[in-house]
Amino acid sequence: MASMFLLAAICIFTFHSVSANSSYQTYIVHVRSPADVGFSGHLLSQNLRPWYNTFMPFEPTALSRIVHTYRHVITGFAAKLSPDEVKEMEKKRGFLYARPQKEYDLHTTHSPNFLGLHQFVGSWPGSNYGEGVIIGVIDSGITPAHPSFNDEGMPPPPAKWKGECELNGTLTCNNKLIGARNFASELPGPAIDDFGHGTHTASTAAGNFVSDANVFGQANGTASGIAPLAHLAIYKIGSKTSVLESDILAGMDAAIDDGVDVLSLSLGGGSTPFYEDSIAIGAFSAIEKGIFVSCSAGNGGPYSSSLSNEAPWILTVGASTIDRKIKATALLGNGEAYDGESLYQPKGYPELRPLVYGGNETVVAWCGPGSLDDMNMKGKVVLCESGGGIAPVEKGQTVKDAGGAAMILMNEEARAYFTVPLPHVLPATLVSYYAGQNIKDYINSSTTPTASILFGGTVIGDKTAPLVASFSSRGPNLASPGILKPDIIGPGAAILAAWPVSIDNYTHEKATFDVISGTSMSCPHLSGVAALIKSAHPDWSPAMIKSAIMTSATQINLGNNPILDERYLSADIFAVGAGHVSPSMALDPGLVYDITADNYVSYLCFLYTEKQVAAIVNRKINCSGSEYTGVPEAQLNYPSFSVVLGYTTGYVYSRTVTNVGEAKSTYYAKIESVPGVNITVEPTVLSFTELKQKLTYEVYFNRQEFTTNGSYVQGSISWISTKHVVRIPVSVKLAM
């Protein structure tokens, strides 16, 4: 009680009043724990709110301006404050730092089969379909009544579950949807999804089996999540396309306390130092408690260094295609045909019609709203260009409003050959940039150009899959260049999953779905894969699960060729990371690279000051002591290498692998050559005699080529046994 009184006294006498008309904004405030500054007491350790209250101004409404209090992700709180109030707060004993919150962006059927997951056979039953695992989804909420979230065949949640269900009325939780809470500070009410993003991602990760799932009659089949027997806990943190940082932290804080096993976050805020990145900070607290964290890489591709969520304790997921196309072919009057895609597939549209392109003016070429009103478009097929910040479906509406009969939409040059099906409002197809250029040439060379669109429906078996989605963000990693990112790619283009409402106007349907794209879609695929692995190997750490996913990845597409990017060129290491996820192989990886929380702290001590490290790990750290010595990025026991080599100095780094395969097994090193770099491994043979045995090897990097500066080269190191190939990618930057 004495401690509590003292805290109140400090609050009374430290702060000065601030004008009532000061401009407030929400700050994330980091403070030390009461114990770190000499306060003790059981009550304070259990309830930090009185401690947080002491940092607020002493005026009648101040405490009501606290938006969220945190316990696990950080020691601190979010509050509406003025800059002057923050300056006063900085004088307080125990204050670390405060910064204005940022806004983060949401990174917005057949995919389980594409990943080799088939009902009743193989890896799914072998991993118990994710049974007993709780996936926490931090997103825009949930549609509880959707059939994807029914609990048929679901066991009760594990005894450790401590979460809450804040739904009301006829909307309730069940053994599938075991928790639903709302932390969106500006959207009070239950955790209902009025946007669709959260419903889609949750059903992708762990939706139950739903038959006859389709959109516009296309992509028809049985929909399910990757881990259909895993439980779902929903934490609403916003809606639409951007969400508030303080709300994200609150959702993560609750999820950790509730007892989730996997956290799935399809959102991000661009590259930033980890001590200013709330997702990285919250994720560190999660992995310390054994919770796996999967995050989307971002939709900034195909441009380099466009990543979000770059911390090494996060699985950073890029996006790829699956082998399903919803075909719509542009047929020209000269007989040439160009395949594209469209969700809307009307019947009976083979007639050739006049083909026009209004590209003399940019706005007209983009088919912006109203841009075609003064042109004669009646009954014509209109070629439009992507871009201009105008949604593709909106371009189609412009064509339709102007009397156009159909639209051919050509890709932006950066998107190249990458296409996705869209729910157009008239007959339409999205074709590649190069097809669009050819169609332009035809229009310019013909006095009476004509075109039609032939609809081919759902086609399975595209041999270029998986292809890196053009929007998928690319490395290198700006926040930590010595850590290779992204880690992995997975299905994220044209993914069919649950949606709150019908997009094809069938209002009587309960099983409503949509097909959308983004790394937001690839992230929950990997969250589901992590749940499968966790169910099969409940004693594995988050780093072991991550290693299993990365070292078992494939670099080959269905055509048995290297994975391609949107240009149909071999995708580089900054597009694919370790490669494309292979769930069946990840369940039995042979060897894994484990990393402890203390290992990460030593790595952080190499990057940052002690104060900055403390903000990430939520406790006071001595980076100069014997416990945490700074570890270079490339020395972290990560299942990849990202190394910089100059002219004179070579480097040696070590890696330690843990045997999770056969007790008695032997692995042989194989090095995929890196141009201009000599890589050697010692020893070249690893012989294990028991499970969980650890062996260490060293890797020597020396430069051989000295004419290039600033370029990146790549290769890999694999350990091969009679049963397993354990591969890690290698990136080397050749510098001065």
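Which strands and which helix do the buried residues of α7 pack against? They pack against β5 (103-106), β6 (134-139), β10 (231-236), β25 (495-498), β26 (513-516) and α13 (519-536). The model is predicted: local features need pLDDT of at least 70, side-chain atom pairs count only at pLDDT 80 or more, and totals for chains, interfaces and linings use all residues. Residues are numbered from 1 along each chain as its sequence is written, and side-chain values use heavy atoms, with hydrogens and water left out.

**Helix α7**

- Among the buried residues of α7 are His197, His200 and Ala206.
- Helices (H or I, at least four residues) and strands (E, at least two) are DSSP runs, numbered from the N terminus.

**Nonpolar cores**

- A nonpolar core is a set of buried Ala, Val, Leu, Ile, Met, Phe, Trp, Tyr and Cys residues joined through side-chain atoms within 4.5 Å.
- The largest such core has 124 residues, and Trp313 and Ile549 have the most contacts inside it.
- Apart from that core lies another, of 26 residues, which include Phe641, Val699, Val732 and Leu734.
- Not counting residues up to four places away in sequence, Trp313 touches residues including Phe274, Phe284, Lys546, Tyr600 and Ile616; contact means heavy atoms within 4.5 Å.

**Aromatic pairs and charges over rings**

- Rings of Phe, Tyr and Trp (its six-membered ring) pair if their centres lie within 6.5 Å; planes under 30 degrees apart count as stacked, over 60 as edge-to-face and the rest as tilted.
- The count by this rule is 19 aromatic pairs.
- Phe274 and Tyr608 form an edge-to-face pair, 6.2 Å centre to centre with 85° between the planes.
- This pair links distant parts of the chain, 334 residues apart: Phe274 is in the loop between β14 (267-268) and α9 (278-288), and Tyr608 in the loop between α17 (597-607) and α18 (610-617).
- Phe274 is buried at a relative accessible area of 1%, and Tyr608 counts as buried at 14%.
- Phe641 and Phe701 also form an edge-to-face pair, with 5.2 Å centre to centre and 65° between the planes.
- Here Phe641 of strand β28 (residues 641-645) is linked to Phe701 of strand β33 (residues 694-703), 60 residues apart.
- One aromatic cluster is formed by Phe274, Tyr275, Phe284, Trp313, Tyr600 and Tyr608.
- The charged end of Arg655 sits over the ring of Phe641, 3.8 Å from its centre; the rule requires NZ of Lys or CZ of Arg within 6 Å of the ring centre and within 35 degrees of the ring normal.
- Arg65 lies over the face of Tyr24, 4.1 Å from the ring centre.

**Disulfides and other cysteines**

- There are three disulfides, a disulfide being a pair of cysteine sulfur atoms within 2.5 Å.
- The link of Cys165 and Cys173 is right-handed, with 90° about the S-S bond; Cys165 is partly exposed at 34%, whereas Cys173 is buried at 19%.
- The link of Cys367 and Cys384 is left-handed, with -85° about the S-S bond, and both cysteines are buried.
- The disulfide of Cys605 and Cys623 is left-handed because the torsion about its S-S bond is about -70°.
- Cys605 lies in helix α17 and Cys623 in the loop between α18 and β28, so this pair ties together parts that are 18 residues apart in sequence.
- The sulfur of Cys523 is 6.0 Å from the closest cysteine sulfur, in Cys295, which is too far for a bond.

Notes:
Buried < 20%, exposed > 50% of the residue type's maximum accessible area, 1.4 Å probe, protein only.
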